[in-house]
Each structure stands twice: as structure tokens, then as C-alpha cells.
Amino acid sequence: MTPTRFFLIRHAIVEPSARVVMYGDMDVAICSLALAQESAAYAWLAGRLPEGARWFHTPLSRTRATAEAIFAAGYPTAALSVEPRFAEQHLGEWQGITYEALARLLSEPPHPFWPHGAAERPPGGESLQDVIGRIGPALEEMAERLEGMDVVIVAHGGSIRAAVAHAMGLDPHQAFQFSVKNLSLTRLEKHGAHWRVASVNEEPPAGAAA
């Protein structure tokens, strides 16, 4: 049986003004300066991703812009489809506030590697468990519908973390222990009824030419 292979890419780094707040699923732009400086990463992704794959991005412009930059770096331009189920965690009333302001709103201590605890659900928003709860069924549905195909999804740190958690059966606290870097590649495979994590946070080799 040919596995269904998922190639998950976290979007490029966002503009500096967005990085100082909890932007969640706000539609913020990628950093134009970083876009110019990260040509090696885009070229590496263009050569690393399988040709003939089905391509998806989320409704947020930063994921489409990242996909288009990979095409510009040499990957054969492919049709792009929107997959809203892979959107970033919605932070409700927390969206747009600073990290300092967030610290005063928490109901439990923050995770050692994240600004808030794994069980926190922002008012009007989603907890990480909620994100895992929508990403898991999305992965299963796509694995069945696109069985045996290669699937590229340009998504977000939260949704990729949730995908890994689903594949490995992790709880939200364990999921927050994964750091998903911008422009990194995470590969998941569905073999029959079983998930395999082939890699997390693949990046260009050190010293790759820009």
C-alpha cells in the first residue's frame, strides 16, 4: 500500500509589529526583509518537496505568500487550494494583546515553552486541545480522500504542532514541547490505519548558499 504523505510547512516569519503581540489567526503579513534574506530556505524547499503534489494553504495571506515564494524559488507552480481546517489557533479576546498583558490574564501557570498553559482556552477562542480536535479529523479525512498521494500544506506553528500531536497521540502539554520553526518542513505519513512521523523541523543544511 502506498502511504499518503503530508509535507507541512510553517509560513515565513511575520512582520516585526506582529511579533510583539499574540496574533493567533489574525491576518498579518510576512516580513518583506526576511523574505529577501531567506532565499536559501525557499530554494531548499523548492527542491525538497515532491513534484506533482497537491498543494493547500490556510485562509491567511501569510501561508499563500509563502507558497508563492516557494514557486518563485523553483518549484513548478501548482494549483493552490484553501484548507481552513489548518488555520492557526484562534485566540479570541487575547488576539492583539502584548505578551506582558497576557501574563495578567492567565488562570494557570504558563507552559515552560509557551506563553500560556496547555489547557488554557482564551475567552471566545480555542485551546490547543480544540486545535488538535479539528486538525486530527482533517488529517484523517484528507488521508482517505487523497490516499497514496503527496500533499503539501502551508500552515502554522499551532496547526502543525497539533498534527504531530494527532499522529503521535500526544496530549496538549506534550504537544507544546515541540517547537515548529518558520519555513521548516514536517513530514507525516499515513500507512493504512497507522501514522508515522518521518521528520519534524527539517531545515536547509548549514552553509546552504543564499
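Which residue in β3 is the bridge partner of F56? In this predicted model, the partner is S81. The two strands concerned, β2 and β3, pair in the parallel sense over 3 bridges.

This pairing belongs to an open sheet of 6 strands, arranged in the order β3-β2-β4-β1-β5-β6 with mixed pairing. Because β3 and β6 each have a single partner strand, they stand at the edges, and one side of each is left without a neighbour in the sheet. From one strand to the next, the twist averages 20°.

Helices pack on this sheet. Helix α3 touches β1, β5 (185-191) and β6, and its direction makes about 20° with that of β5. Helix α6, which comprises residues 128-145, also packs on the sheet, where it touches β1, β2, β4, β5 and β6. The direction of α6 makes about 135° with that of β1.

Helix α4 may be considered next. It covers residues 61-72, 12 residues in all, and reaches 16 Å from its first C-alpha to its last, close to the 16 Å expected at 1.5 Å a residue. Its buried residues are R62, T63, T66, A67, A69, I70 and F71. These buried residues pack against the strands β1 (4-10), β2 (54-57), β3 (80-82) and β4 (150-155), and against the helices α2 (32-37) and α3 (39-48). After α4 comes G74, whose phi is positive, near 130°.

The structure holds 5 aromatic pairs. One of them joins F6 and W195: the ring centres are 5.7 Å apart and the planes lie at 45°, so the pair is tilted. Since F6 lies in strand β1 and W195 in strand β6 (residues 194-202), the pair ties together parts that are 189 residues apart in sequence. With buried meaning under 20% relative accessible area, F6 counts as buried because its relative accessibility is 0%. W195 likewise counts as buried, because its relative accessibility is 16%.

Ring pairs also link W55, F71 and Y75 into a cluster. Of these, F71 is among the buried residues of α4. A contact of another kind involves W114, over whose face R161 lies at 4.5 Å from the ring centre.

How values were computed:
Residues are numbered from 1 along each chain as its sequence is written. This is a predicted model: local features need pLDDT of at least 70, side-chain atom pairs count only at pLDDT 80 or more; totals for chains, interfaces and linings use all residues. Side-chain values use heavy atoms; hydrogens and water are left out. Helices (H or I, at least four residues) and strands (E, at least two) are DSSP runs, numbered from the N terminus. The expected span of a helix is 1.5 Å times one less than its number of residues. Buried means under 20% relative accessible area, exposed over 50%, partly exposed in between (1.4 Å probe, protein chains only). Contact means heavy atoms within 4.5 Å. Rings of Phe, Tyr and Trp (its six-membered ring) pair if their centres lie within 6.5 Å; planes under 30 degrees apart count as stacked, over 60 as edge-to-face and the rest as tilted. A charge sits over a ring if NZ of Lys or CZ of Arg is within 6 Å of the ring centre and within 35 degrees of the ring normal. Two strands pair if DSSP finds at least two bridges between them. Axes are lines fitted to C-alpha atoms, for helices over the stretch in contact, and angles run from 0 to 180 degrees between N-to-C directions.
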